[in-house]
Amino acid sequence: MSSQELNELNRLEEKGEVGEVESWFEEHGSAAINVLRVKVVVEGTPESGVRITQVSARKKCAPPYRGTLFHSLAGGADDPVTRLGFDLDTPGGVSIAQKITDEWDFAGPFFAEKTISLKRGEDRVLYLYARTNDHSCSFRFVIDALAHGTQHEIVIDDHGRPFKVTARLVDAAGNPDLSQYTVAYTSDEQSGYKWRRVH
């Protein structure tokens, strides 16, 4: 990045316009690192209820990205909501929804013993967490739902494009290894949480 481009990004960060910062990264083809969270609101149809029997991630995976890294050390907050986890490192082209424990471990198929039933007009917020420690993956979520006695597939993607997430490159001890990237920027307390190039 040129100094002008880096200053532009830091100005967006300073303004606190989260949507604008996210749009900037999307426009530049970015991928989330290790975990991508997607908020989905599902609702029963006006005519009848809906029963969700499965949620899955249909994926294509490859080795992790090695291009430009933006490595932020800012912390995040937990969400007191129902969560579904997707382990993108499982073999095959589909990863099914997993239960997530309070310790953020995946604890077996979510829909093995239950479904999500929505009455007519009732809605529910789901947070979908797609995780990879070994790959870069592009994927779309698919909801299998039963309505009017018929099975339906509802595809959720990123405005017509697949979602993207990549594993972080680490050293032998499991710590982030910025030297493995072509270019690396970091945002931390030392820089006043402004992006600066470190590799």
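Predicted model: local features only at pLDDT ≥ 70, side-chain atom pairs only at ≥ 80, totals over all residues.

Colleague: Which residue is the bridge partner of I100 in β8?

Modeller: F106 in β8 is the bridge partner of I100.

Colleague: And what sheet do those strands belong to?

Modeller: An open sheet of 5 strands, in the order β2-β10-β5-β7-β8. The pairing is mixed.

Colleague: Which strands stand at the edges?

Modeller: β2 (35-43) and β8 (106-109). Each has a single partner strand, so one side of each is left without a neighbour in the sheet.

Colleague: What holds strands together in a sheet, anyway?

Modeller: Strands of a sheet pair through backbone hydrogen bonds, either parallel or antiparallel.

Colleague: Back to this sheet. By how much are neighbouring strands turned against each other on average?

Modeller: By 35°, with direction ignored.

Colleague: What about the loop between β7 and β8?

Modeller: W104 lies there. Its phi is positive, about 70°, although W104 is not a glycine.

Colleague: Where else does a residue other than glycine have a positive phi?

Modeller: Y193 is one, with phi near 60°. Y193 lies in the loop between β14 (183-187) and β15 (196-197). Y193 also counts as partly exposed, at 42% relative accessibility.

Colleague: Which sheet has β14 and β15 in it?

Modeller: An open sheet of 3 strands, ordered β4-β14-β15, with mixed pairing. At the edges stand β4 (68-72) and β15. Each of them has a single partner strand, so one side of each lacks a neighbour in the sheet.

Colleague: How do β4 and β14 run, parallel or antiparallel?

Modeller: Parallel, joined by 5 bridges.

Colleague: New topic: pockets. What volume does the second largest pocket have?

Modeller: About 150 Å³. It is lined by 14 residues. V42, E43, I143, A145 and I154 lie nearest its centre.

Colleague: Which elements give two or more residues to that lining?

Modeller: β2, β3 (50-62), β11 (136-147) and β12 (150-156). The largest share, 4 residues, comes from β2.

Technical notes. Residues numbered from 1 in each chain as written. Heavy atoms only, no water. Pairing = 2+ DSSP bridges. Axes fitted to C-alpha atoms, helices over the stretch in contact; angles between N-to-C directions. Buried < 20%, exposed > 50% of the residue type's maximum accessible area, 1.4 Å probe, protein only. 1 Å grid on protein atoms, 1.4 Å probe; cavity = no way out; pocket = protein on both sides within 12 Å on 5 of 7 lines; lining within 4 Å. Points joined across faces, edges and corners; volume = space filled by probe spheres on them.
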